[in-house]
Amino acid sequence: LVEASKERDEVKQILKKLEEDMTTYKEQLNLHVQEKEKLSDECKQLRAENVSIQSKLENSRKVHQEITTKLSQNETLVIELQATLKDSQEKRAELKLESEKLEAQFSTNSENLASELKRTLDLKEQLEHKTTEISELKDENGKYQEAIKKQEVEIDSLRQSEREVAEKTRGTIQLLKSQIADLEKAQENTLSKDCLLYTSPSPRDRTRSRMPSSACKKK
C-alpha cells in the first residue's frame, strides 16, 4: 500500500507537470497563431502595394504611348513642313531667276516687274511664316522629347520599386512558410506528447510498465 501510495503521488506529480506543460504549450500556440495572423496581414498589405505600383506603371505606359503618338504626328508634320520649305526654296530660286530677267527688262516692263516683286515679297513672307512655324514645332518637339525622358525615368523608378516589392514579398512569403512549418511541427510534437504517461514498474511485475487508464481519461 505504501508503494502504491508513492506511485499514486508520483502519477499526480507527473499529471500536474503535464498540465503545466500543456498550459505553456497552449500559450505558445496562441502566440504563434497571433504572429501568423499578423504576418498574413502584412502579406496582404504588400500585395495591395504591389497592385498599386503595377497600376501606376500601366498608367505611365499609357502616357508614354500617348506622348510617342503625338511625337510621331509632330515628326510627320515637320516632314511636311520641310517639304513645303523645300518647295518654297525652289520657288524662291525660280523667282530669283525671274527677278534677274525682270531687272534686265526693267526699262521696257516696269509694271510687270513691280507685280513680280510684290509676288516675291508675298512668297518671302510666307516662307518666313513657315520658317517660324518650323522653329516652333522644333521647340515643341524638344519639349516632348524631354517629357518622354522624364516618363522613361519614372517608368524605370516604378520598375525598380516593383522589383523591390516583389523581392520583399517573396522574402515575407518564405518566412511565413518557414514559420507555418515550425508551428505545424510544434503542434505535432505537442499532440504526440498528450498521452506519454509512464509509471514505474510494480514490484510484482518488473518486465512491464503500466499506464493508468485514469490518467488518459483525466487528460
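**View 1. The salt bridge between Glu58 and Arg61.** This predicted model holds 1 salt bridge. Its partners are Glu58 and Arg61, whose side chains meet at 4.0 Å, N to O. Glu58 is partly exposed, at 38% relative accessibility. Arg61 is also partly exposed, and its relative accessible area is 38%.

**View 2. A patch of negative charge on the surface.** Four residues make up the patch: Asp87, Glu90, Glu94 and Glu98. One of them, Asp87, lies in helix α1, which covers residues 2-104. Asp87 has a relative accessible area of 39%. Because this value falls between 20% and 50%, Asp87 counts as partly exposed.

**View 3. Ser161 and Asn50.** Ser161 is part of helix α2, which runs over residues 110-192. In sequence, Ser161 and Asn50 are 111 residues apart. In space, their C-alpha atoms are 8.9 Å apart. Ser161 has a relative accessible area of 27% and is therefore partly exposed.

**View 4. Gln179 and Leu39.** Gln179 is another residue located in helix α2. Along the chain, 140 residues separate Gln179 from Leu39, while the distance between their C-alpha atoms is 9.7 Å. The relative accessibility of Gln179 is 26%, so this residue is classed as partly exposed.

Definitions and conventions
Residues numbered from 1 in each chain as written. Predicted model: local features only at pLDDT ≥ 70, side-chain atom pairs only at ≥ 80, totals over all residues. Heavy atoms only, no water. Helix = DSSP H or I, 4+ residues; strand = E, 2+ residues; numbered from the N terminus. Buried < 20%, exposed > 50% of the residue type's maximum accessible area, 1.4 Å probe, protein only. Patch = residues over 30% accessible without salt bridge, like charges linked within 9 Å, V, L, I, M, F, W, Y side chains within 5 Å. Areas by Shrake-Rupley, 256 points an atom, 1.4 Å probe, with all protein chains shown as cover. Lys, Arg positive; Asp, Glu negative; His and termini not counted. Charge placed at Lys NZ, Arg CZ, Asp CG, Glu CD.
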